[in-house]
Amino acid sequence: MRDVAIVAFAQTRHTDHDTGLAEHELIHPVISEVKELTGLKRFGFTCSGSCDYLAGAPFSFVSALDALAAWPPISESHVEMDGAWALYEAWVRLQHGDIDSALVYGFGKSSLGDLRTIMTLQLDPYYLAPLGLDQLSYAALQAAAVGADRQELDEIVRRSRADGRSNPYALDLPEPDGDDFAVQPLRKTDVPPITDGAAAIVLATGDLAGRLHPNPAWIRGIAHRTEPHYLGLRELARSASAADAARAAGVTKGPVEVAELHAQFPHEEIILRQALELGGDTVINPSGGPLAANPVMAAGLVRIGEAARRIHDGTASRTVAHAASGPCLQQNLVTVLEA
Amino acid sequence: MGNRCAVIGVGQTHYTTKRRDVSIAGLVREAALRALEDAGLTFKDIDAVVIGKAPDLFEGVMMPEAYLADALGAAGKPMMRVHTAGSVGGSTALVGASLIQGGVHERVLVVAFEKQSESNATWALSTHLPFSASLVVGAGGYFAPHIREYMRRSGAPGHIGTLVAVKDRLNALKNPYAHLKIPGIDQKMVESTPMLWEPIRYLETCPSSDGACAIVLSSESAATGTPAWVHGTAMRSEPIFRAGRDTVSPQAGKDCAADVYRQAGIADPRRQIDVAEVYVPFSWYEPMWLENLGFAAEGEGWKLTESGATALDGDTPWNASGGVLSSNPIGASGLIRFAEAALQVRGMAGEHQVDGARTALGHAYGGGAQFFAMWIVGRERP
């Protein structure tokens, strides 16, 4: 495999409400920032991730393209998934050997609709969606299957929110308190905040990466796997697909100093720590993770960016990022980054 | 451009207005199983699945790849979802090819679909973001002014669109999977149909179809059967809103063609490409794309159409399968172009086979004629 590194990362200061910016207005500043950081104005390939259902309109990514100033025309693609998969597509494209840079971005505004209900439409349209099972309900099914210790879950939420408060891009959420349930056994404080935001990453190969950043975050492994859709066909307390992806990406080939996990609920962090075989000395989600800011469709890409940032600033030499898609962690993507 | 990649299997469903007998999952599985059968393989032999479709709002299922993982044998494997508007079928094939060319996988299943009967695509296409007035209804409303501008610039006579509509429907009569089979189709019949969006008449536009298409892609070492080799792949996009953008002959289309021709060593597309499957959802897009893709000089595309050169027995056949005008499961339409191009160079296109086809173009476009995906496939190894 060709050496590819993350050489720039930018994200919006995510908000828990609609600031009035359209999606392309969210994207423009982060694209400009990574262009400035790298000095690159054109890229060999561009790929984005988003979801029409968040905007409530088909082809919402089309106006996003206007934010890029894609002129002269660019080589570009889009995944209707989290931007983490857009990064994967770009990484694959860079393996061909004929281009040396790629721009990746992801964006979403969950504030525009009722996210919990919208996610219902992701389920099998004939048998599951008509039941009206919303996102919190199916997450609660998984939380019940995990049967985690309440104190451990509380600690994850407390830690995530505290880390989020010291992250200028995440939300300022108070110390969790109250025992109110959202859907049993999920408490209201276990639920990730509705968040609007965007993120952008620049990938570069070999020599170019070294010229663009003094500490490039090299992608040493990247893999993703899916599982059956039907919750009844899965062992919900575990994530076989995250474990497979982690093995394929080579997570355990060295110590992991920092892991950024796309865990939207505290029980998901427990499942993922086990699937990725992360040791007790791995720092989990120092950014605060999705429990402190959850810009849907960018949240997975933000994990990769945050994991890269630790290498860029020299505070870590080996980090792992995880992104998820589908109900109850159906799909998982794992990236291993090294200095 | 990376490792060699081949199409070793093609599977299609019979395109039709309504497939009431299958779910969306049943539809895609039907195409996938046919592609696997063609390749002499099973789901077990597949390393990854790439799925493409046009907007999720068409069927009302958000990110349907999650639900379709089971039906496509993707459990335990990587699965990706591509969405690049109308060009998505082509882009999906290119993402699949990229996984082979980049050396990541040996065999990839690529599937694209649309089940338009479970939706109302024209309505979904007419939804605009708040604060921007929608002055058009459906894709035809958007593209009709571009066609009128083409006619003004080129001086093309009004019957050219009719010729394409007849030619593609005659080809469709030879394609067992085609949706529209209109016996006795002729110019008079097309001209007698209602005007939908001046100058586009009812029979000059594509149908709404249910259908899926699948291909199996492989590396050189994993190839089976009769491969169609990928000689070039390219995608290009440009913004929908830009002062001076030429929507009649978009720069992104020209650049995409130039890139894919360069990779495949094509200097004269009309002479060197034996058959082209080009995304023509409205009949007038044939002369327009003949120029955009360099088969004819600017303003000359309609003359090529009028001369019969693009007919099945012409010297540069376009849409031997009947094209998008005869079958349009939107999300799959681009992949069908790419798959039909592969069938032609494999010599497996049946009654609509172009004799001796060795090099073929697959083309797709989408959005406001701003997204392009193309590939060149050939009988010989590149």
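**Figure 1. Polar contacts between the two domains of chain A.** Between domain 1 of chain A and domain 2 of chain A there are 11 residue pairs in polar contact, with both residues at pLDDT 80 or more. A polar contact is a pair of N or O atoms within 3.5 Å, where within protein one atom must be able to donate a hydrogen and the other to accept it, and where residues adjacent in sequence count only if both atoms are side-chain atoms. On the side of domain 1 of chain A that touches domain 2 of chain A, the elements giving two or more residues are β1 (4–11), α2 (52–55), α4 (83–94), β4 (101–109), β7 (196–205) and α8 (206–212) of chain A; helices (H or I, at least four residues) and strands (E, at least two) are DSSP runs numbered from the N terminus. The largest share of this side, 7 residues, is given by β1(A). By residue type the side divides into 24 nonpolar, 13 polar and 4 charged residues, with Ala, Val, Leu, Ile, Met, Phe, Trp, Tyr, Cys and Pro counted as nonpolar, Asp, Glu, Lys and Arg as charged, and the others, Gly among them, as polar.

The model is predicted, and local features need pLDDT of at least 70, side-chain atom pairs count only at pLDDT 80 or more, and totals for chains, interfaces and linings use all residues. Residues are numbered from 1 along each chain as its sequence is written, chains are lettered from A and ligands numbered from 1 in the order in which they are written, and side-chain values use heavy atoms, with hydrogens and water left out.

Figure 2. Domain 1 (4–114 + 194–212) and domain 2 (121–192 + 217–338) make up the division of chain A, with bounds that come from an automatic or database domain assignment. The centres of the two domains, taken over C-alpha atoms, are 21 Å apart. In contact across the boundary (heavy atoms within 4.5 Å) are 41 residues of domain 1 and 34 residues of domain 2. The area buried between the domains is about 3000 Å², of which carbon and sulfur atoms give 70%; buried area is the accessible area (1.4 Å probe) that two parts lose on being put together, summed over both. A:Ile6, A:Asp82 and A:Trp85 supply 22% of the area that domain 1 buries against domain 2, more than any other three residues.

**Figure 3. The interface of chain B and chain A.** The contact takes 54 residues from chain B and 55 residues from chain A, and about 4800 Å² is buried between the two chains, 66% of it on carbon and sulfur atoms. The count of salt bridges between chain B and chain A is 0, where a salt bridge is a side-chain nitrogen of Lys or Arg within 4 Å of a carboxyl oxygen of Asp or Glu. Polar contacts, in turn, number 18 residue pairs across this interface, both residues at pLDDT 80 or more. The elements that give two or more residues to the side of chain B that touches chain A are α2 (65–68), β3 (79–82), α3 (88–101), α4 (121–125), β8 (228–237) and α8 (251–264) of chain B. This side of chain B divides into 29 nonpolar, 15 polar and 10 charged residues.

**Figure 4. The surroundings of B:His231.** B:His231 is placed in strand β8 of chain B. Leaving aside neighbours within four places in sequence, B:His231 is in contact with B:Gln263, B:Ala264, B:Ile376, B:Val377, B:Gly378, B:Glu380, B:Arg381 and B:Pro382. B:Gly73, by contrast, is 158 residues from B:His231 in sequence and 29 Å from it in space, C-alpha to C-alpha.

**Figure 5. A salt bridge in chain A.** Over all chains the structure holds 43 salt bridges. In one of them, A:Asp190 pairs with A:Arg150, the closest N and O atoms being 2.9 Å apart. The pair links distant parts of the chain, 40 residues apart, with A:Asp190 in the loop between β6 (186–187) and β7 of chain A and A:Arg150 in helix α7 (residues 150–165) of chain A.

**Figure 6. Backbone details in loops.** The peptide bond from A:Trp71 to A:Pro72 is cis, with omega near -5°, and A:Pro72 lies in the loop between α3 (60–67) and β3 (76–79) of chain A. In chain B, the peptide bond from B:Glu198 to B:Pro199 is cis, with omega near 5°, and B:Pro199 is found in the loop between β5 (195–197) and β6 (200–201) of chain B. A:Leu329, although not a glycine, has a positive phi of about 55°, and this residue lies in the loop between β11 (318–325) and β12 (331–338) of chain A.
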